[in-house]
Amino acid sequence: MPDSITSSAQKQRIRQACLADRPFVTPRQNRQLIARLAVLLQSIKPNIVAAVWPLPEEVDLRPLCKQLARAGYQVALPHTPPKGQPLIFRCWTETTRMRRGRFGTSFPTGRRCKPDVILVPLVAFDRAGGRLGYGGGYYDRTLPLYPQARLIGYGLSQQEQAHIPMDEHDQPLPMIVTDSEIIQTASMKDMF
Ligand SMILES: Nc1nc2c(c(=O)[nH]1)N(C=O)[C@@H](CNc1ccc(C(=O)N[C@@H](CCC(=O)O)C(=O)O)cc1)CN2
Ligand SMILES: Nc1ncnc2c1ncn2[C@@H]1O[C@H](COP(=O)(O)OP(=O)(O)OP(=O)(O)O)[C@@H](O)[C@H]1O
């Protein structure tokens with residue numbers, strides 16, 4: 001059997017187990033994670049930060065979005081196109097209207113923009129920078145279009161797995177921020 005078939009079956013198994021056993025995000029964990037991201041972003045000083053509007057049971061980055069906008073950063077959020085296409089990043093401010101999009105996502109009505117930091121949501125991760133999302137392949141298709149952007153995965157430390165199988169198209173994350181630490185992964189190249 002080709003490797004990609006076995007790894008996609010493995011990924012599906014890990015994804016289902018992680019989603020079924022998803023940890024509840026406590027307000028304290030959410031605050032701790034956001035505080036770590038905020039400190040990190042202050043040191044990077046990006047122009048445009050792509051964050052994510054939360055789906056149910058996910059870490060909620062909305063307080064970070066507000067904090068960043070008030071500190072003068074431009075915030076972008078993804079608009080989810082039909083499967084097979086990359087995400088579209090659109091500008092968001094505190095007064096931007098949000099619309100309902102695919103798979104229960106919400107997206108801003110603002111103009112398109114090009115982030116220089118991309119905060120990447122995940123269902124599970126490993127210490128080598130392996131990431132598992134909902135299985136749409138959206139971030140894998142999107143991240144190569146922003147080669148200059150710094151990629152920062154984020155999630156709870158409880159979402160760590162020993163090993164996530166990676167395919168050729170999978171984009172390893174150089175850095176993952178959790179509620180308890182900042183992980184500079186094995187895939188970290190020339191950053192920081
Ligand atoms: N908050 C948030 N926004 C995001 C993402 C994310 O992970 N979190 N995405 C990250 O890529 C993109 C949307 N990706 C998604 C891709 C597929 C499904 C999906 O297939 N959902 C299934 C249920 C999955 C399951 O529970 O097994 C469905 O709705 O039927 C959902 C989101 C962009 N926006
Ligand atoms: N760059 C790509 N080109 C073609 N197909 C891709 C690409 N990236 C992912 N895919 C396909 O998309 C599907 C889902 O991929 P994968 O399991 O890696 O998604 P995911 O990273 O969990 O999802 P997401 O990024 O939406 O959170 C797989 O069938 C995979 O082959």
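A nitrogen atom of ligand 2 lies 3.1 Å from an N or O atom in the side chain of arginine 141. On its own, ligand 2 exposes 650 Å², and the protein buries 69% of that area. The model is predicted. Two further polar contacts involve oxygen atoms of the ligand. A polar side-chain atom of aspartate 140 is 2.7 Å from an oxygen atom of ligand 2. For tyrosine 134, a backbone N or O atom is 3.3 Å from an oxygen atom of ligand 2.

The surroundings of the ligand were examined next. Ligand 2 sits in the largest pocket. Around ligand 2 there are 15 residues, of which Arg15, Arg131, Gly133, Tyr138 and Asp140 come nearest. Three elements, α1 (3-20), β8 (131-132) and α4 (138-142), each supply at least two residues of this shell. The largest share comes from α4, with four residues.

Strand β6 spans residues 117-121 and is mostly covered. Five of its five residues are buried. In a regular strand, side chains alternate between the two faces of the sheet. In β6, Val117, Leu119 and Pro121 point one way, while Ile118 and Val120 point the other way. All of these residues are buried.

Strand β6 has partners in β1 and β9. With β1 (residues 48-50), β6 pairs in the parallel sense over two bridges. Here valine 49 has valine 117 of β6 as its bridge partner. With β9 (residues 150-154), β6 is joined by five bridges, and the two strands run parallel. In this pairing, tyrosine 154 of β9 is the bridge partner of proline 121.

Technical notes:
Residues numbered from 1 in each chain as written. Chains lettered and ligands numbered in written order. Predicted model: local features only at pLDDT ≥ 70, side-chain atom pairs only at ≥ 80, totals over all residues. Heavy atoms only, no water. Buried < 20%, exposed > 50% of the residue type's maximum accessible area, 1.4 Å probe, protein only. Pairing = 2+ DSSP bridges. Near = heavy atom within 4 Å. Polar contact = N/O pair within 3.5 Å; in protein donor to acceptor, adjacent residues only side chain to side chain. Areas by Shrake-Rupley, 256 points an atom, 1.4 Å probe, with all protein chains shown as cover. 1 Å grid on protein atoms, 1.4 Å probe; cavity = no way out; pocket = protein on both sides within 12 Å on 5 of 7 lines; lining within 4 Å. Sits in = over half its atoms within 2 Å of the grid points.
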